[in-house]
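Student: I'd like to go through this model with you, one question at a time. Can we start once it's on screen?

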Amino acid sequence: MKALIIGHGSIGRRHREILKNFQEIETVDIVSSHIQNCDCRCFETLENTPLEDYDYFVIANETSKHYNALNYISKHVRNRRILVEKPLFSRYREIDTRDNDVYVAYNLRFHPIIAAMEALLKEENILYAGIMAGQYLPTWRPGRDYREAYSASVDQGGGVLRDLSHELDYTLMLFGEIITITAFDEKVSSLAIDADDLFTAIGRTSKGTVINLTLDYISKHPLRRMIVHSDRLTVEADLVDSTMRFWDETGNGRTVKEPIERNHTYRKMHEALLRQNGNRVCTLSEALTTMKLIDRTSHYNRKDHNVR
């Protein structure tokens with residue numbers, strides 16, 4: 001099987017290093033206009049790439065370019081497997097992917113703590129879920145000026161709501177479709193960006209769970225946490241420390257720790273696509289539902305940076 005990665009920034013390079021270690025993958029080639037001294041086949045544009053040579057595609061360029069890349073590939077090949085980095089697009093758009101199987105790289109679905117929470121809460125009546133994620137944008141990607149990253153630009157598909165849409169994805173997966181929601185989506189800091197750096201919302205899901213969600217670019221200490229209350233349990237999870245604690249009605253508690261290395265969730269995601277027919281990987285339909293939620297709650301849409 002031959003793989004092609006579109007885009008060779010930090011996430012594209014990460015996908016390539018992981019895929020090179022799969023026995024199923026014969027070669028991993030790249031589409032990028034910024035490649036020098038590459039040890040593989042490199043193409044400057046999709047138009048100059050023999051797409052029919054490849055079986056597995058990873059779209060890992062800027063978010064604002066995802067739609068055009070996916071649309072172009074879908075028009076030129078059939079019966080291929082395509083993984084698009086999250087978020088799917090800058091905004092909700094319908095797309096005809098023909099006979100290709102398309103998935104979206106919400107790799108936190110493969111975090112062992114997310115899986116443990118899903119198993120623990122499967123039969124629970126979940127009353128409340130508080131989700132919080134944040135990281136200070138200037139220190140997020142060491143060695144790169146944050147002002148030049150796509151995250152800083154609305155027109156490149158940046159902003160905290162899109163950048164940290166992992167939390168939207170696993171919220172929908174664990175707690176159900178969000179039926180009602182009230183959101184605050186703003187730039188509140190002095191960061192030199194034109195995108196949102198704080199998003200906070202409260203809503204209710206189709207399962208009756210009250211959701212409280214906060215995402216930010218201003219947390220000086222990286223965090224990814226959840227607290228969940230059901231009729232019988234309280235569960236506290238920390239995805240950064242890879243720990244989960246839960247307590248029953250009597251106050252008896254237990255701690256679960258699942259240490260993982262940096263590429264674990266990405267590797268498990270590719271493994272599911274290459275060996276398990278995409279089991280658990282976010283589907284195109286699920287990602288479009290997340291995009292609808294983003295559009296529904298975002299005050300930072302492309303070409304309109306003002307609060308509506």
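This is a predicted model: local features need pLDDT of at least 70, side-chain atom pairs count only at pLDDT 80 or more; totals for chains, interfaces and linings use all residues.

Student: Is D238 buried or exposed?
Tutor: Look for D238 in strand β12, residues 234–238; helices (H or I, at least four residues) and strands (E, at least two) are DSSP runs, numbered from the N terminus. The relative accessibility of D238 is 14%, so D238 counts as buried.

Student: Which residues does D238 touch, leaving out those up to four places away in sequence?
Tutor: Contact means heavy atoms within 4.5 Å. With residues up to four places away set aside, D238 touches R224, R225 and T243.

Student: What is the phi of S242 near?
Tutor: S242 sits in the loop between β12 and β13 (243–247). Its relative accessible area is 3%, so S242 is buried. Most residues other than glycine have a negative phi. S242 is not a glycine, yet its phi is positive, near 55°.

Student: How accessible is R280, which also has a positive phi?
Tutor: You'll find R280 in the loop between α7 (264–275) and β15 (282–283). Its phi is about 80° although R280 is not a glycine. R280 counts as partly exposed, because its relative accessibility is 25%.

Student: What is the omega of the cis peptide bond from K86 to P87 near?
Tutor: P87 is placed in the loop between β5 and β6. The bond leading from K86 into P87 is cis, with omega near -15°.

Student: How many aromatic pairs turn up in the whole structure?
Tutor: Rings of Phe, Tyr and Trp (its six-membered ring) pair if their centres lie within 6.5 Å; planes under 30 degrees apart count as stacked, over 60 as edge-to-face and the rest as tilted. On that basis, the search of the whole structure gives three.

Student: Why is the pair of Y54 and F57 edge-to-face?
Tutor: The ring centres of Y54 and F57 are 6.4 Å apart. Y54 counts as buried at 0% relative accessibility, and F57 counts as buried at 0% too. The pair is edge-to-face because the planes of the rings are at 65°.

Student: How far apart in sequence are the parts that W140 and Y217 tie together?
Tutor: W140 and Y217 also make an edge-to-face pair, at 5.8 Å centre to centre and 70° between the planes. W140 belongs to helix α4 (residues 137–140) and Y217 to the loop between β10 (210–216) and β11 (223–230), so the pair links parts that are apart by 77 residues.

Student: Which residue has its charged end over the ring of W140?
Tutor: A charge sits over a ring if NZ of Lys or CZ of Arg is within 6 Å of the ring centre and within 35 degrees of the ring normal. R93 does this over the face of Y67, 3.6 Å from the ring centre. For W140, at 4.8 Å from the centre, the residue is R141.

Student: How many of the eleven residues of helix α2 are buried?
Tutor: The buried residues of α2 include H66, Y67 and A69. Among the elements covering them are β1 (2–6) and β4 (56–59). Helix α2 (residues 66–76) is largely enclosed by the rest of the structure, because the number of buried residues is eight.

Student: Which backbone oxygen does the side chain of T209 reach?
Tutor: T209 lies in the loop between β9 (198–205) and β10. At 1% relative accessibility, T209 is buried. Its side chain comes to 2.9 Å from the backbone oxygen of I126.

Conventions: Residues are numbered from 1 along each chain as its sequence is written. Side-chain values use heavy atoms; hydrogens and water are left out. Buried means under 20% relative accessible area, exposed over 50%, partly exposed in between (1.4 Å probe, protein chains only). A polar contact is a pair of N or O atoms within 3.5 Å; within protein, one must be able to donate a hydrogen and the other to accept it, and residues adjacent in sequence count only if both atoms are side-chain atoms.
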